[in-house]
Amino acid sequence: MSACGAKPLPPPRVELALPDEAPLAPCLALREDRPVIEAIDTLTLPDGRVVALFDQVRRNNAGTARHIVQLRGAINTCRSAVVSVVRWIDEMRAKTANPEN
């Protein structure tokens, strides 16, 4: 076409494609939402056994149990988000390998 005086077409512009990061937010929250575990006061009985106050143990166990339940839900959500990003990457690789699709 340059013989006709027309300018040659510029090379195709490459754009960076990124997956949506919003579904991955629960994954990042897993590291930040940790329960506060209080130090448990222990008592040593005259026979040498070490015991703890039940109320302190119960409070710590309740906080840990809540965290585990929340963590399970977040892990399932996180797994789903990661799987969707992996699928997206696979689709992008397939499109790159076979640009007709």
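Let me start with Gln56, which, leaving aside its neighbours within four places in sequence, is in contact with Ala39, Ile40 and Asp41; contact here means heavy atoms within 4.5 Å. Before going on, this is a predicted model, where local features need pLDDT of at least 70, side-chain atom pairs count only at pLDDT 80 or more, and totals for chains, interfaces and linings use all residues. Residues are numbered from 1 along each chain as its sequence is written, and side-chain values use heavy atoms, with hydrogens and water left out.

Gln56 lies in helix 2. Helices are DSSP runs of H or I with at least four residues, strands are runs of E with at least two, and both are numbered from the N terminus. Is Gln56 buried or exposed? Gln56 is buried, because its relative accessible area is 12%; the cut-offs are under 20% for buried, over 50% for exposed and in between for partly exposed, with a 1.4 Å probe and protein chains only. A polar atom of the Gln56 side chain lies 2.9 Å from the backbone nitrogen of Asp41.

Next, Ile40. Ile40 sits in the loop between helix 1 (25-29) and strand 1 (42-44). Ile40 counts as partly exposed because its relative accessibility is 33%. Beyond its neighbours within four places in sequence, Ile40 is in contact with Ala52, Gln56, Val57 and Asn60. From Ile40 to Leu53 is 13 residues in sequence and 7.5 Å in space, C-alpha to C-alpha.

Last, Ser80, which is found in helix 2, residues 54-97. With 47% relative accessibility, Ser80 therefore counts as partly exposed. Pro23 is 57 residues from Ser80 along the chain, and their C-alpha atoms are separated by 8.5 Å.

Terms used: Polar contact = N/O pair within 3.5 Å; in protein donor to acceptor, adjacent residues only side chain to side chain.
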